[in-house]
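Dear colleague,

I am passing on the structure that we discussed, and my notes follow below it. Please read them with the model open beside you.

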Amino acid sequence: MSLIILLVLAGLGAIQGPFFKEFYLERMSDRIEKESDVVAYYLQDMDLGNQESLQEVTMELADRLDVRITIVAPDGEVLAETDADPQDMENHLSRQEIQSVIQGTPARETRYSATVESELLYYAMALESNGEQAGFLRLGMEMEELNSVYQNIWTLLFVSFFIAFLIILVLASKLTNQMVKPVEDARRVANELAKGNFSARTFEGANLETGELNRSINVLAENLQQITQTYENQQERLETLIENMGSGLILINTKGDITLLNRSCKVIFDEETELWKNQLYYKVIKHKKIIKFIQEIFLTEKPTRKQIKLQIGIYYKHFDVHGAPILGQDDKLKGIVLVFHNITELKKLEQARKDFVANVSHELKTPVTSLKGFTETLLDGAMEDEHLRKQFLTIIANESERLEGLIYDLLELSKIEGTQFQLNWEEISLDSLTDEVFLILNDKAEKKQMKLVKKVTGTPMIAGDPHRIKQILINLVNNAIVYTPEQGTITIRVKEQAETVLLEVEDTGIGINKKEIPRVFERFYRVDRARSRNSGGTGLGLAIVKHLAEAHHANLSVESDEGKGTVFRLMFYKRRPENK
């Protein structure tokens, strides 16, 4: 806009400058013409032949009019001259202005004069005396006055136009700012809205057009803010619901990529499920049953429900899995959703009830049958035979002891699983506790010619219940003795670490099949039933170990190589963990 104003003012100056110059030139020409008439009128009664008198009058008129006066005879001879000696001047008949008078055309001419060494405006006319032409009169006016006036005109034009430019520029800038500021403010708010800042607002103002625009933008921003807040609230509620629901949730798109998992999935699969996101489901999910279930939903596009048993770590877990396709408005498949309900505890309770009735009945049946059979035999007359009486009574005593041990373990396990069960926390040395266990089981190990080896690293002090830790060690070492052939070796390793103490019980026994490892901590489960029963085992020792380890917040794991041996590992904390 400034450039346009500048160009307009420059154009006006370019037009007005020459116009003023031409106007002033016309005024000068008119002046010199009138002055020439006055001089001619004054000289018409004089005798042009009297050159001395003519020169004197001419000089006086030239001083009064401030012009150059030249009087030329009809033959071109200079009769009088105000700026030089007439005698020294050449013939002027060939001068352009004189020739113009002779030819009857306007006798005005502008040219450089060598006599006065300046540019002059000449005007010539004929002199008459008694009605006859007596010569020529020529007046010359210096153009320096015109150039000075022309320069002043340009200075005036430049100054006035510059002041006008500044005034117009200030007023235009003020007006432009009044119009542009609301638009610029609207642009700024629009950019903030595009960035997601819906709290931005613009000044509405009183201008009709821009004010209406800004009011519309403010209404838009307010609506967007309300919509966004509503969406964010709904999103937060949905995320809170998804993350804190007890069941696992997995969303899979049509390409097979997992797009959403909740926190429960990490607990269910015991893996870093955060890494599963945006990965193909069959590359990250290791369980073939789940993969097959997902493929079934993709193929049928129908809601499906199935109970699946999965091995998670060393345990088996049961899940009630619901799967459903996600269909769009055009009934096209957009993905599937899976919900995992953990029913392991329900299954355990159901199975525990069945197993307890079956196992207790089975475990009690053998000693009770033995007690009843040998008692009846004695009553039928065998008691009369001293040898048979002693043998049968010994068997009855052993079966009674076994029955007592079974009942004690059942009561102990029931006590440990009870809600009132508490540990007596103390600082314990696993080193000295291991020595006590070796002392208790040393005779039993020697009967099978076994070696009990202890390896201790550091100072293995932990927080726990000494009676219960001792019970854990006795069960594990006793179990190792039972399942290890004669002349085997049982090694207990105790290693101090930064915040924990690692306890390992390793044997060179028969080992455990990998499929059976998840079940070794179940009640009454035996790897080798005949061997454990013959040794007097109840099948509850490892179940007690598992529950006592959980009570101490210890991590329990098993490694076994069938035919080579088994390692039970327990990771105890040095300090008592906070109860969560």
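I begin with a pair of side chains, those of Lys470 and Glu436, which meet in a salt bridge at 3.3 Å, N to O (a salt bridge being a side-chain nitrogen of Lys or Arg within 4 Å of a carboxyl oxygen of Asp or Glu). Lys470 lies in helix α12 and Glu436 in helix α11, so the pair ties together parts that are 34 residues apart in sequence (helices, H or I of at least four residues, and strands, E of at least two, are DSSP runs numbered from the N terminus). Lys470 counts as partly exposed because its relative accessibility is 23%, and Glu436 likewise at 37% (buried means under 20% relative accessible area, exposed over 50%, and partly exposed in between, with a 1.4 Å probe and protein chains only).

Please keep in mind that this is a predicted model, in which local features need pLDDT of at least 70 and side-chain atom pairs count only at pLDDT 80 or more, while totals for chains, interfaces and linings use all residues. Residues are numbered from 1 along each chain as its sequence is written, and side-chain values use heavy atoms, with hydrogens and water left out.

By the same rule, the count comes to 19 salt bridges. Another of them joins the side chains of Lys574 and Glu496 at 2.8 Å, N to O, and this pair links distant parts of the chain, with Lys574 in the segment after β17 and Glu496 in strand β14, 78 residues apart. The side chains of Arg569 and Glu559 also meet in a salt bridge, at 3.1 Å, N to O; Arg569 lies in strand β17 and Glu559 in strand β16, so this pair ties together parts that are 10 residues apart in sequence. Salt bridges that share partners join Arg493, Glu504, Glu506, Glu559 and Arg569 into one network.

Leaving aside neighbours within four places in sequence, Leu430 is in contact with Pro460, Ile462, Ile469, Val494, Val501, Leu503 and Phe572, where contact means heavy atoms within 4.5 Å.

For the chain as a whole, there are 14 helices and 17 strands, and buried residues make up 39% of the 580 residues.
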